[in-house]
Amino acid sequence: MKKITIAIDGFSSTGKSTVAKQLAKALGYVYVDSGAMYRAVTLFAMRQKFINEDLFDKQALLSKLDDIDISFKFNKQLGYAEVFLNGENIEREIRTLDVSKFVSQVATISEVRAQLVKQQQEFGAHKGVVMDGRDIGTVVFPDAELKLFMTASAEKRAQRRYDELIERGDDVSYEDVLKNVQSRDHIDSTRQDSPLSIAKDAIKVDNSNMTLNEQFEFLLKLSEEKIREVSA
């Protein structure tokens, strides 16, 4: 059977990463979390004091882009690859609400996007990849054999994200999470460079009323059908 590229786009907290990991594992494909790459750059900017509630020194960040090395290392115990920034495992740190507050702003910078898109395309050069993000089907892999666009109501997404953060032990409120989800939706959809949009040939999936297992089974069926079609 031939290998394909599966591009999963959609709004924040729609479970893109979760189902992308599941699909990659089931198909024996490589999983790349493009959002984690933007989060890594955001964490770097935060640590360097380039971005906070009161300022965003874009030029300072751009001057240090070459100092940012992002890599993925597979963790056998977890069953997926973790994100490393300059050799440091930052998987947990990049998932905080603090990083979520600034990641959409960092992602609007064209130079940052250009550098990360180039890396993402290199990851998927040999097919057999599942990648999720905001512009995978429209910019990174416009020729992907299977494109999916995930959506759900902002309230549903905020509740899922809130539950996830509380389970991790983070001290957050539902109201703050909902505000963050709505803010990111606006920034992601209105930015000038590669705004979040659905590719013309993408399959739209509203998972507001789907369980994680129902979503996985549905998308796995779509993936297997596409693989058979391409291999015929």
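**Figure 1. The second largest pocket has 14 lining residues, with Glu53, Lys101, Lys179, Asn180 and Ser183 nearest its centre.** A pocket here is an open set of points on a 1 Å grid over the protein atoms alone, with protein on both sides within 12 Å along at least five of seven lines, and lining residues have an atom within 4 Å of a point. Two elements, α4 and α8, each give two or more residues to this lining; helices (H or I, at least four residues) and strands (E, at least two) are DSSP runs, numbered from the N terminus. The biggest contributor is α8, with 5 residues. This is a predicted model: local features need pLDDT of at least 70 and side-chain atom pairs count only at pLDDT 80 or more, while totals for chains, interfaces and linings use all residues. Residues are numbered from 1 along each chain as its sequence is written, and side-chain values use heavy atoms, with hydrogens and water left out.

**Figure 2. What sort of residues line the second largest pocket?** Its lining splits into 5 nonpolar, 4 polar and 5 charged residues (Ala, Val, Leu, Ile, Met, Phe, Trp, Tyr, Cys and Pro are nonpolar, Asp, Glu, Lys and Arg charged, and the others, Gly among them, polar). The volume of this pocket comes to about 280 Å³, taken as the space filled by probe spheres set on the points, which are joined across faces, edges and corners.

**Figure 3. The largest pocket, with a volume of about 970 Å³.** Two or more lining residues come from each of α1 (16-27), α2 (34-47), α4 (97-106), β6 (129-133), α7 (154-168), α8 (174-190) and α9 (212-231). Of these, α2 has the largest share, 5 residues. Sorted by class, the lining has 18 charged, 13 polar and 7 nonpolar residues.

**Figure 4. Helix α4 is largely enclosed by the rest of the structure, because 7 of its 10 residues are buried.** Buried means under 20% relative accessible area, worked out with a 1.4 Å probe on protein chains only. The residues in question are Leu97, Val99, Ser100, Phe102, Val103, Ser104 and Val106. Their cover includes α2, α3 (58-63), α5 (110-123), α7 and α8; cover goes by contact, which means heavy atoms within 4.5 Å.

**Figure 5. Ser194, in the loop between α8 and β8 (203-206).** Is Ser194 buried or exposed? With a relative accessibility of 15%, Ser194 counts as buried. Leaving aside residues up to four places away in sequence, Ser194 touches Arg113, Asp135 and Val139. Its side chain also makes a polar contact with the side chain of Asp193, at 2.9 Å (N or O atoms within 3.5 Å, one able to donate a hydrogen and the other to accept it, with residues adjacent in sequence counting only if both atoms are side-chain atoms).

**Figure 6. The largest cavity, holding about 40 Å³ of space.** A cavity is a set of points where a 1.4 Å probe fits but cannot get out, and the structure has 4 of 30 Å³ or more. Around the largest cavity are Val41, Leu65, Ile68, Ile70, Val112, Gln115, Leu116 and Gln119. Helix α5 supplies the largest share of that lining, 4 residues. By class, 6 lining residues are nonpolar, 2 are polar and none is charged.

Figure 7. Buried residues account for 50% of the 232 residues in the chain.
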